[in-house]
Amino acid sequence: MEKRSFSDGSRSGGSKLIGGSRSFGRSGPTEESSSTESSGFTGKSGPIEVDFLLKNAGSLVTIKDEDDDDAKGLGLITDGSVAAHEGVIVAVGTTAEIEKAFKDGVFVLRNDATVFDASGCLVTPGLVDAHTHLIFAGWRAEEFALRLKGASYLDILARGGGILSTVRATRRASEDELFLLGMDRLDQMLLCGTTTVEVKSGYGLSTEDEIKSLRVAARLGREHPADVIPTFLGAHAIPEEYAGNVEGYIEVLVSEMIPRVAEERLAKFVDVFCEEGVFSVDQSRRILSSAKDYGFGLKIHADELSPLGGAVLAAELDAVSADHLVMVDERGIRYMAEKKVSAVLLPGTSFFLAMDRYAPARRIIEEGVPLALATDFNPGTCTIQSLPLVMGIACLRMGLSPEEVIKACTLGAARALGMEEEIGSLEAKKAADMVVFDVPSFHHLPYRFGANLVKGVIKRGKIVVKDGCLTYARSQPGTRSDM
Ligand SMILES: [Zn+2]
C-alpha cells in the first residue's frame, strides 16, 4: 500500500487536460519510473485507448490539492469530460479539449466503449465514507424509542441494551447472513454516491467473531462494486465475559486477535474506542502500539464524549486519523496539525443523538488539520448512510461551506484512509470513480440533502447506478462458499 505524503507539493497541475503526451509521473524521479510502469501509458507509443468516456458534464468537480491557487479547491470545470482506460482516468478536461485530443489522435475511443452523457449535471469524484460500522446484525429501533422518552445512552447500556445487544446478535449471525446484510447496506450507500467505504469490525469482540466480521468485509470488497477498506475494531467495547476485567480482554486483543488479523491480512487499520469507561489512553496506547508493530495503520475513536486525550495519542502514534473529536481540546488540535493526522468528523452522530455539541470543525480547519467527514453508520448512534445528508448537517451545525464539505467527503476522506493517491479527485492515474448528480451546481449538494439526487455512479469506469437504479449484476445470495 502506497504511503506517500499528501502534502507532496510536486504534483503536476496547471493544464486542465491531464494525460495524452504528458508524463504520468507526478512526483520525484524515484516514483516516476514505477508510476509510468504501473499505468502502462507513456503517451509515446501511439494513441491512448479509451474505454469509458463521461462527457458534457454541466459542472465537473475535479478537486485539487490544498496548495492549488484555486481558493475553493474544487477544481471546477464547466462542460467537462473524463476519459478512462480499464478503470483508470487518462484525461480530465473541458469537453472541447477532450474532443480535440480524440481528433488529434492522442486518444482513440474503443468500439465497445461506454459513453455517459452528463449534460446539465454535476459530476464529482466518487464519495468516500471513511468511518462506518457496517457489519452487524440486530437493529436497535426500540432503543431509539426509549431514548426519545428520555433514557440516556448509559441508562440503555445499564439495561443490557446498547452495543452489547448488537454484539449478541452479530455473534449469532452466520457469515452468509452478515454478508447479505452488508451487501444491502453497501447498495444503499452506492445509490447515494459512495464508491469507497471504510468498514470496521467491532460487534464480535471474540477472536472468532471478529475474524468472521472481517472475512465478511473481505467478501463484500470482492463482490460489491464499492471498495471496502477493512478496519479491525476489536477494542470497540468490553465484552460481557470480560466485564470488570479490561486487562484480560486487552491481553486477548494484543496476544491473540491482532496477530491473527495480521496473519490473515484481514485489515488495513486497527482502531480503538478510547473513551471514559471503555479504553483509557494508556490502554489504547498499548493496543495501538501492538498493532503498529504488526504494520497496521492506526485510527482512534477520540475525544467524543470526554476530552480524554485521544487526539494527542493519535499524533503521538502517527495515526492516520482521529475520529469524532466532539470534545477535543486546543492541545489535541495542535498536535494533530503538527503530525498531519486527519480529523474524521461525524456530525450525523451528534445529530442522531440530539446533542447540541458538534466537533469544532472551524478550529480544526484553521489550525491546518486535514478534514474528512463520514457517516459513522451504525445501529446505535447514527443510522445515516448518505454522505450528502452528512454534508448538509456539517454546513448547518458545524459552520462549514459547501466547498469544504465536498472536499471532506472526497479527497479529505481518501486521505483519512491513506488513499489520496488513488481516489478522491478526478485526475489522470486515479480510479475512474464518479458520481453524477441531477443538479446544476455543487451548491445543491448540501442544500437539498433531504432527497437522493444521484443520477448515476461510475466505479472504475463502469456504470453501477443509472437513472437512480443499481445496474451491476449481484451474485445470487448464498451461492458463494468461498469463506
Ligand atoms: Zn465509530
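Author: Helix α7 is part of what covers the buried residues of α5. Those residues in α5 (residues 163-172) are I163, S165, T166, V167 and T170. Buried here means 20 or more other C-beta atoms within 10 Å of the residue's own; 12 or fewer makes it exposed, anything in between partly exposed, and the C-beta atoms are placed from the backbone. Helices (H or I, at least four residues) and strands (E, at least two) are DSSP runs, numbered from the N terminus. Keep in mind that this is a predicted model, where local features need pLDDT of at least 70 and side-chain atom pairs count only at pLDDT 80 or more, while totals for chains, interfaces and linings use all residues. Residue numbers start from 1 along each chain as its sequence is written.

Now for the other neighbour of α7. Helix α6 (residues 175-191) packs on α7 (residues 207-223) at an angle of about 45°, and their axes are 9 Å apart. The axes are lines fitted to C-alpha atoms, for helices over the stretch in contact, with angles from 0 to 180 degrees between N-to-C directions. That pair is therefore oblique, the label left over once you take out roughly parallel (under 35 degrees), roughly antiparallel (over 145) and roughly perpendicular (65 to 115).

Who does the touching? On the α6 side we have E175, L178, F179, G182, M183 and L186, and on the α7 side K212, S213, R215, V216, R219 and L220. A contact just needs C-beta atoms, placed from the backbone, within 7 Å. Sorted by class, this contact has six nonpolar, two polar and four charged residues. Nonpolar covers Ala, Val, Leu, Ile, Met, Phe, Trp, Tyr, Cys and Pro, charged covers Asp, Glu, Lys and Arg, and the others, Gly among them, are polar. As for spacing, an α-helix has 3.6 residues a turn, so residues three or four places apart point the same way.

What's buried in α6? That list is L178, F179, L181, G182, R185, L186, M189 and L190. Besides α7, they pack against β6 (127-129), β7 (194-200), β15 (454-459), β16 (462-466) and β17 (469-470). A quick geometry check: at 1.5 Å a residue, the 17 residues of α6 should span 24 Å, and the end C-alpha atoms are 24 Å apart, so the two agree. The expected span is 1.5 Å times one less than the residue count. Just after α6, G193 takes a positive phi of about 100°.

R460, in the loop between β15 and β16, has a positive phi near 45° without being a glycine. R460 is partly exposed, with 19 other C-beta atoms within 10 Å.

Definitions and conventions
Two residues are in contact if their C-beta atoms, placed from the backbone, lie within 7 Å.
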